[in-house]
Structures are given as structure tokens and as C-alpha cells.
Amino acid sequence: MRALLIICLIGSNLLLKAGINPALEKAKADFKKVNQLYAATSSFSLDIQYAVFDNHVGGNLVEEKSGKYYKNKELSYTKMLNIETIVSAGKTVVVNNDDHVLVITDNRKVELSPIQTNMDTLLKLCTEIKMKDVGTTLRHYSLFFGSSSEFSQIDIDINLANYSIKKLVLFYNETLPLNQNDFYADEKRPRLEISYKAFNTTVAIDPSIFSESTYVTLVDNKYKGKGKYISYKVINQLQAARFKKK
């Protein structure tokens with residue numbers, strides 16, 4: 001679950017109430033530094049852990065998973081929920097290891113990593129923002145949204161030592177079915193907590209994980225799984241292939 005990409009689903013047209021909260025300018029400056037850090041760091045690894053709770057405060061732990069993110073210049077690799085996502089030169093490969101399905105698509109013009117998002121958009125959409133320093137090394141932001149938004153609140157913890165994100169908490173506005181195995185289970189308004197650990201800029205990363213040829217091969221103008229993915233079903237969603245079919 002590439003959890004931070006959920007932020008892009010926020011669809012409300014609410015505007016921030018300008019001039020009533022001194023935390024706004026501080027947030028703009030801090031969020032700019034956050035995006036600058038990840039954009040300027042050409043190679044790094046990151047451990048990601050997320051936990052889903054069935055309530056906004058406290059609640060029962062529904063699911064807990066961990067994942068990994070690697071970046072090498074314009075290339076990236078993410079593994080979360082047994083799904084691998086590889087953004088290589090010109091193409092994106094998504095490998096679903098549970099269903100043994102591999103999808104290859106064109107890259108989007110802007111590729112968002114799990115720790116990069118459009119902070120300016122969040123600030124424009126939220127109706128209120130609160131800031132609190134926790135000691136000298138951590139700054140906590142709470143962004144509040146209206147009832148028509150995907151989320152009622154988003155909390156962001158920033159490590160002031162290097163302006164990396166330490167934690168992100170998403171508070172869902174709508175009730176959702178959390179037990180996929182129980183059709184009659186009550187729907188809850190969940191809370192998703194995402195922690196980012198072990199931000200490492202010196203780790204040695206195997207370059208093969210970023211290469212399309214590690215996962216698929218082109219035989220007679222048709223993509224097929226390769227290596228341990230040889231038995232996987234390959235779905236070609238490249239623009240050229242879609243236009244050719246039409």
C-alpha cells in the first residue's frame with residue numbers, strides 16, 4: 001500500500017483561512033525543506049511501517065505491515081504488502097506477488113515517492129493548522145479538513161535534524177469496511193499511522209532492482225515474466241500497446 005499517494009485523492013475545494021494562524025508560514029518553510037531533502041538526495045533507502053486502527057483515537061489494531069523504499073537518482077523501488085513497484089527509465093513495473101500478476105505501464109510525468117507529496121496543496125485544502133515542537137528535534141503538525149474531504153485530519157512529524165518525515169497519520173472521514181472476510185462487519189472510521197525509519201543515504205543498493213529486465217523480457221514483441229517471475233501473468237498497459245490494440 002503506497003500509503004502517501006492516498007493524499008492525492010483529497011478532492012475538496014476548501015481554502016486555508018489566510019492570516020489567522022501563525023503556523024502557516026512556518027509550515028510552508030518546513031514542508032519546502034522536506035521536499036528539498038528528498039529531491040536533492042540522489043540515493044537512499046527507507047524503512048516504512050504502517051498500522052491501521054479502527055478508530056481515530058486509540059482503537060483496535062486491525063493490520064500492521066512493514067515495507068521498504070529505495071531511490072537511485074530518477075529510479076525507485078518500493079515493496080509494500082507483497083507488492084513491488086519499480087519506476088525505471090520510461091516505464092513502471094508493478095509486481096503483485098500474491099496474485100502472480102505483473103503490470104507494466106508508462107511512467108507518469110511526476111513520480112511521487114512514499115515520502116514526497118504536494119505540501120502546498122495540503123496547505124491550501126486544509127481549514128486549520130496547528131504546530132507543536134516536541135523537544136528540540138521534532139516538530140508536529142496537525143492539518144484539519146472539512147467533511148467533504150477524504151480525511152478529517154492529517155498529522156505530520158518532521159525530524160528537525162535533517163527535515164525528513166518521521167511519521168504521518170491519516171484520519172479518514174468516511175467509514176470503511178476493515179474486515180474483508182466478514183461481509184456483515186461494522187464499518188469504521190479508521191486511522192492509518194505510517195512511520196518512516198532508517199533513512200540511510202550511504203546504503204549499497206543492488207542496481208538490478210531498478211531494472212525492467214530483472215522482472216520482464218521482451219520476446220517476439222510480447223512481454224513475459226523473467227527469472228522468479230517467469231510464471232507470472234504480464235499485463236501490458238503501455239500506451240503504445242494500447243493504441244496498437246485499437
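Is Y38 buried or exposed? In this predicted model, Y38 has a relative accessibility of 0% and therefore counts as buried, since the limit for a buried residue is under 20%. F44 has a relative accessible area of 1%, so F44 is buried as well. The centres of the rings of Y38 and F44 are 5.8 Å apart, and because their planes meet at 45°, the pair is tilted. Y38 and F44 belong to one aromatic cluster, together with Y69 and F199.

The chain as a whole contains three helices and 14 strands. It has 246 residues, of which 43% count as buried. Its accessible surface amounts to about 13900 Å², and carbon and sulfur atoms account for 51% of that area. Of the contacts between residues at least 6 apart in sequence, 53% are between residues at least 24 apart.

In soluble globular proteins, nonpolar side chains tend to be buried together. In the present model, the largest nonpolar core comprises 36 residues. The residues with the most contacts inside this core are F31, L143, I154, I156, L170 and I194. At least two core residues come from each of the helices α1 and α2 (119-125) and from each of the strands β1 (43-53), β8, β9 (151-159), β10 (164-172) and β11 (191-200). Helix α1 makes the largest contribution, with seven residues. Apart from this core lies another one, of 17 residues, including Y70, I205, I209 and F210.

F31 touches M119, L123, Y141, L143, I156 and I158, when residues up to four places away in sequence are left out of the count. One of these contacts, with Y141, is also an aromatic pair. A search of the whole structure gives nine aromatic pairs. In the pair of F31 and Y141, the ring centres are 5.1 Å apart and the planes stand at 65°, so the arrangement is edge-to-face. F31 lies in helix α1 (residues 23-40) and Y141 in strand β8 (residues 138-144), so that the pair links parts of the chain 110 residues apart. Both residues, F31 and Y141, are buried.

A charged side chain is also placed against an aromatic ring. R191 lies over the face of F53, at 4.2 Å from the centre of the ring.

Terms used
Residues numbered from 1 in each chain as written. Predicted model: local features only at pLDDT ≥ 70, side-chain atom pairs only at ≥ 80, totals over all residues. Heavy atoms only, no water. Phe/Tyr/Trp six-rings, centres within 6.5 Å; stacked < 30°, edge-to-face > 60°. Helix = DSSP H or I, 4+ residues; strand = E, 2+ residues; numbered from the N terminus. Buried < 20%, exposed > 50% of the residue type's maximum accessible area, 1.4 Å probe, protein only. Lys NZ or Arg CZ within 6 Å of the ring centre and 35° of its normal. Contact = heavy atoms within 4.5 Å. Areas by Shrake-Rupley, 256 points an atom, 1.4 Å probe, with all protein chains shown as cover. Core = buried A, V, L, I, M, F, W, Y, C linked by side-chain atoms within 4.5 Å.
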